[in-house]
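This report is for a reader who is new to the structure shown below.

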Amino acid sequence: MTMPVRILVVDDEQHIRNSLATWFREEGYDVSVAASGKDALAAVAREGTNILLVDIKMPGMDGLELQRRVRELAPDATIIIMTAYASVETAVEALKEGAYDYIVKPFDPEAVSRLVRKAAERYSLLAENRALRERIVGASPALITSGSPAMAKVMELVDQVAPTDTNVLITGESGTGKELVAHLVHAKSTRRFGPFVVENCGALAEGVLESELFGHERGAFTGAVGRHRGKIEMANEGTLFLDEIGDVPPKVQVDLLRVLQEHELKRVGGNEAIKVDFRLVTATHRDLEAEVAAGRFRDDFYFRINVFQIPLPPLRERAGDVPALAKHFLQQFANQMNRRISGFSPDAMAALVAYPWPGNVRELANAIERAVVLCRGDRIEANHFPFAGPPASANLSLAAVEEAHIRQILAACSHNVAQAARELDIDRVTLYNKMKKYGIERP
Amino acid sequence: MKTRLLALGDVPPRLAEAVLAGLPRPYTGGEVGRLEIALGRCYDRTRAQVDAACLIEQIPEPGPGWLLLGLTGVDLFMPALTYVFGISHLGGRRGIVSWFRLHPEETGPSAQTILIRRITTEVVHELGHSLGLVHCVVPECAMHRSLWPEGVDLKHPEYCPACLETLTSSL
Ligand SMILES: [Zn+2]
Ligand SMILES: [Zn+2]
């Protein structure tokens with residue numbers, strides 16, 4: 001475990017002390033309280049406090065006096081002054097004497113959270129970074145722990161670009177883990193304490209996408225009953241990840257381009273320019289250069305988002321990773337479903353390695369999950385996989401091949417029809433019709 | 001361990017049931033109850049809000065093996081903060097969640113779905129605190145701190161693997 005940042009809340013009002021202590025403990029900080037300047041000095045000497053939140057008006061030693069004494073005792077400590085509206089002038093005086101910032105009671109949760117987070121960054125950069133990394137790795141080890149040279153190259157690119165503020169474009173087929181890589185870029189960047197906000201641009205109609213990204217004001221369109229903050233605003237001081245950027249209509253491309261150039265946006269139906277500060281990471285399974293050449297994607301926008309590219313290899317180009325990934329997913333799903341399954345039969349493993357995995361890592365995970373459900377013994381057999389039946393015969397009709405392919409892609413996309421349609425490069429209605437024709441039902 | 005969702009005063013019918021039905025492990029198989037509360041005792045006239053720290057004290061100490069979580073529609077605050085979505089005793093198996101600020105600004109049938117999902121996510125969040133979990137950096141994790149209602153939509157009403165592991169190893 002890493003050392004938590006130590007916070008001391010100094011206020012003569014017990015209610016305030018305790019509620020702030022609760023709030024910061026939930027953030028994972030180590031929190032103490034003191035009711036007076038005298039107690040506070042004792043606590044600083046005893047505990048090596050990192051951050052002090054000090055009420056400016058206290059009987060006896062007031063906040064300003066305490067600040068002076070703390071600066072002598074612990075010059076590295078960060079002091080945040082808490083003030084009521086009436087005493088803001090005194091707070092400004094405290095700033096001149098070296099307070100980090102001041103905050104007016106009662107605080108906006110957002111403001112206090114950001115303020116303390118910024119202050120805490122000074123103490124915990126290395127420590128927090130490690131904790132964050134462990135968590136991200138824990139959340140999705142499959143991509144990273146596979147130990148393959150292709151993924152090592154990807155990780156190298158991530159490490160190279162993450163600390164810069166450059167826009168990143170991640171390319172690769174569906175299911176290769178583009179969102180996870182976007183996540184890593186965020187987790188390894190200086191914005192890691194800020195939000196990581198995801199929008200899948202492929203799933204939404206133009207109007208909805210606009211309002212999702214930019215937000216809207218009350219009455220901006222029918223149904224816009226109230227004000228709504230968009231994803232761009234929510235990504236302020238963090239990272240915005242736009243998946244399926246190749247599906248963004250030209251009008252929205254223009255709007256996004258403007259935000260990237262001017263660092264501000266207007267909500268749909270609004271006039272106020274809102275400052276935004278975010279890093280853009282995008283991803284697509286399309287060949288954007290071809291889209292630009294065909295006139296379907298704006299070249300100026302492409303130029304903006306494609307400053308640094310991370311290509312993700314499809315699973316079939318790194319078949320050597322399949323056994324390790326398969327074992328990882330087996331363990332995960334067996335645990336989740338409380339099943340005791342020791343491993344794969346040699347036939348089953350051979351089938352996994354031979355299969356081309358059009359749906360990539362996601363399809364592999366789905367296949368293993370399904371096999372764990374089907375498995376009655378203590379190891380997975382080849383017949384637990386839908387693709388490992390009798391080899392596809394050359395005598396199959398075109399329709400049979402089509403049906404099999406559609407079923408496979410649907411399974412790879414967790415039966416998300418919109419996504420499967422994209423993958424098959426047909427529209428959704430066509431896919432629905434074909435599903436009806438072949439009697440394919442969603443689970 | 002058993003979870004009981006307590007309707008604090010007036011809670012729309014079936015709301016607590018809908019939230020209960022959406023709870024993930026280890027909170028499945030819980031039940032819904034009701035608790036009469038003295039709101040007036042915790043009401044702050046000047047702020048026209050209810051003191052969350054005062055309200056949570058009205059929830060009785062849970063018996064061994066129980067988790068108690070109160071649901072309310074009143075606007076909650078903590079003395080130093082303008083508002084909170086919920087509050088809990090860290091590791092104390094008691095918490096409350098208010099949907100006052102979780103209402104989506106849309107109307108229509110989807111609004112109810114969004115609201116229930118937000119409440120469920122924040123219930124999972126406060127239950128996590130009540131079992132000792134602190135905030136999590138994984139953006140989809142229920143233990144991630146949300147400051148806006150739209151921010152709750154970015155989370156799932158369940159824990160990331162790391163939080164789940166911390167939780168199960170502590171149970
Ligand atoms: Zn919390
Ligand atoms: Zn978590």
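Over all chains, the count comes to 33 salt bridges, a salt bridge being a side-chain nitrogen of Lys or Arg within 4 Å of a carboxyl oxygen of Asp or Glu. The model is a predicted one, in which local features need pLDDT of at least 70 and side-chain atom pairs count only at pLDDT 80 or more, while totals for chains, interfaces and linings use all residues. Residues are numbered from 1 along each chain as its sequence is written, chains are lettered from A and ligands numbered from 1 in the order in which they are written, and side-chain values use heavy atoms, with hydrogens and water left out.

Across the interface of chain B and chain A, the rule finds 3 salt bridges, including the two in this table.

| Residue in chain B | Residue in chain A | Closest N and O atoms |
|---|---|---|
| Arg145(B) | Glu27(A) | 2.8 Å |
| Glu150(B) | Arg229(A) | 3.4 Å |

Arg145(B) lies in the loop between H4 and H5 of chain B, and Glu27(A) in the loop between helix H1 (14-26) and strand S2 (30-34) of chain A, so the pair joins two chains. Helices (H or I, at least four residues) and strands (E, at least two) are DSSP runs, numbered from the N terminus.

In the interface as a whole, 34 residues of chain B are in contact with 35 residues of chain A, where contact means heavy atoms within 4.5 Å. The area buried between the two chains is about 3,200 Å², of which carbon and sulfur atoms give 63%; buried area is the accessible area (1.4 Å probe) that two parts lose on being put together, summed over both. Of the area that chain B buries against chain A, Glu105(B), Arg145(B) and Trp148(B) supply 20%, more than any other three residues.

The metal site belongs to the zinc ion (ligand 2), which is coordinated by the SG atoms of Cys136(B), Cys141(B), Cys160(B) and Cys163(B) at 2.3 to 2.4 Å. Donors here are N, O and S atoms within 2.8 Å of the metal (3.2 Å for Na, K and Ca), and water is not among the atoms, so sites may look incomplete. The angles among the 4 donor atoms are 106 to 116 degrees, and the site is tetrahedral, a term used for four donors if all angles lie between 85 and 135 degrees. Along the chain, the donors follow the spacing C-x4-C-x18-C-x2-C. Cys136(B) lies in the loop between H4 and H5 of chain B and Cys160(B) in the loop between H5 and H6 of chain B, so the pair ties together parts that are 24 residues apart in sequence.

Definitions and conventions. Four donors count as tetrahedral if all angles lie between 85 and 135 degrees; four count as square planar and six as octahedral if opposite donors are over 155 degrees apart and all others between 65 and 115; anything else is irregular.
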